[in-house]
Amino acid sequence: QVQLVESGGGLVQAGTSLRLSCALSGRSFITDELGWFRQAPGKEREFVASVGWSSVAKHYADSVKGRFTISRDNSRNILFLQMSSLNPEDTAIYYCASKPSGYSNYLHWGPGTQVTVSS
């Protein structure tokens, strides 16, 4: 059974850093594109960052570019999101997701982890 589980969320002050993790299990994800998304209260879920299977191809939303870093450890099936210079606009539920090779959409999703940034 494929399972994605996020961790590392919490309440932090503006200007600080936080690292999210996503543990993937149930099969090999080595060829999957992996991504982070977030959903703020009253808003639609939005793309945050993605990383290809080899970690060469990385993409970021303009709102997080230069502040967030996505990475993956294929040997341990873990996805990370290092977030720095956090601001209240980053407050959201953060979700990790996987897109298997050949798929056009993300197929598997975690339940999410709450990140709250206070001013």
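In this predicted model, strands S1 and S3 pair in the antiparallel sense, joined by five bridges. Within this pairing, Leu4 stands opposite Leu24 in S3. The two strands belong to an open sheet of four strands. Its order is S1-S3-S8-S7, and the pairing is antiparallel. S1 (3–7) and S7 are the edge strands, since each pairs on one side only. From one strand to the next, the twist averages 15°.

The protein chain as a whole is built from strands. It has eleven of them and zero helices. Read from the N terminus, the elements therefore run β-β-β-β-β-β-β-β-β-β-β. The C-alpha trace spans about 40 × 25 × 25 Å along its principal axes. For 119 residues, a compact globule would have a radius of gyration near 14 Å. The protein chain has 13 Å, which agrees with that expectation. Buried residues account for 41% of the 119 residues. Among contacts with a separation of 6 or more, 55% involve residues 24 or more positions apart.

Strand S9 pairs with several other strands. Seven bridges join S9 to S4, and the two run antiparallel. Here Trp36 stands opposite Cys96 in S9. S9 also pairs with S11 in the antiparallel sense, over three bridges. Ile93 has Gln114 in S11 as its bridge partner. A further antiparallel pairing links S9 to strand S10 (residues 108–109) over two bridges. In S10, Trp109 is the bridge partner of Ala97. Seven of the eight residues of S9 are buried, so the strand is largely enclosed by the rest of the structure.

Ser98 is found in S9, which covers residues 92–99. Its relative accessibility is 0%, so Ser98 counts as buried; the cut-off is under 20%. Leaving aside residues up to four places away in sequence, Ser98 touches Leu4, Leu24, Arg27, Phe29, Asp32, Glu33, Leu34, Tyr106, Leu107 and His108.

Gly102 is exposed, with a relative accessible area of 81%; the cut-off for exposed is over 50%. Gly102 and His59 are 43 residues apart in sequence. From C-alpha to C-alpha, they are 18 Å apart in space.

A single covalent link between cysteines was also identified. The search of the whole structure finds one disulfide. This disulfide joins Cys22 to Cys96, with an S to S distance of 2.0 Å. Cys22 lies in strand S3 and Cys96 in strand S9, so the pair ties together parts that are 74 residues apart in sequence. The torsion about the S-S bond is about 55°, so the disulfide is right-handed. Both Cys22 and Cys96 are buried.

The nonpolar interior was examined next. In soluble globular proteins, nonpolar side chains tend to be buried together. The largest nonpolar core of this model has 26 residues. Those with the most contacts inside this core are Trp36, Leu79, Leu81, Met83 and Tyr94. Several strands each supply at least two residues of the core: S3 (18–25), S4 (33–39), S5 (46–51), S7 (68–73), S8 (78–83), S9 and S11 (113–118). The largest share, four residues, comes from S3.

Not counting residues up to four places away in sequence, Leu79 touches Leu20, Ser21, Cys22, Leu24, Leu34, Gly35, Trp36, Val51, Ile70, Ser71, Arg72 and Cys96. These neighbours include Cys22 and Cys96, the two residues joined by the disulfide. They also include Trp36, which stands opposite Cys96 in S9. Trp36 is itself among the core residues with the most contacts.

Technical notes: Residues numbered from 1 in each chain as written. Predicted model: local features only at pLDDT ≥ 70, side-chain atom pairs only at ≥ 80, totals over all residues. Heavy atoms only, no water. Buried < 20%, exposed > 50% of the residue type's maximum accessible area, 1.4 Å probe, protein only. Contact = heavy atoms within 4.5 Å. Core = buried A, V, L, I, M, F, W, Y, C linked by side-chain atoms within 4.5 Å. Pairing = 2+ DSSP bridges. Axes fitted to C-alpha atoms, helices over the stretch in contact; angles between N-to-C directions. Disulfide = S-S within 2.5 Å. Rg over C-alpha atoms; globule rule 2.2 N^0.38 Å.
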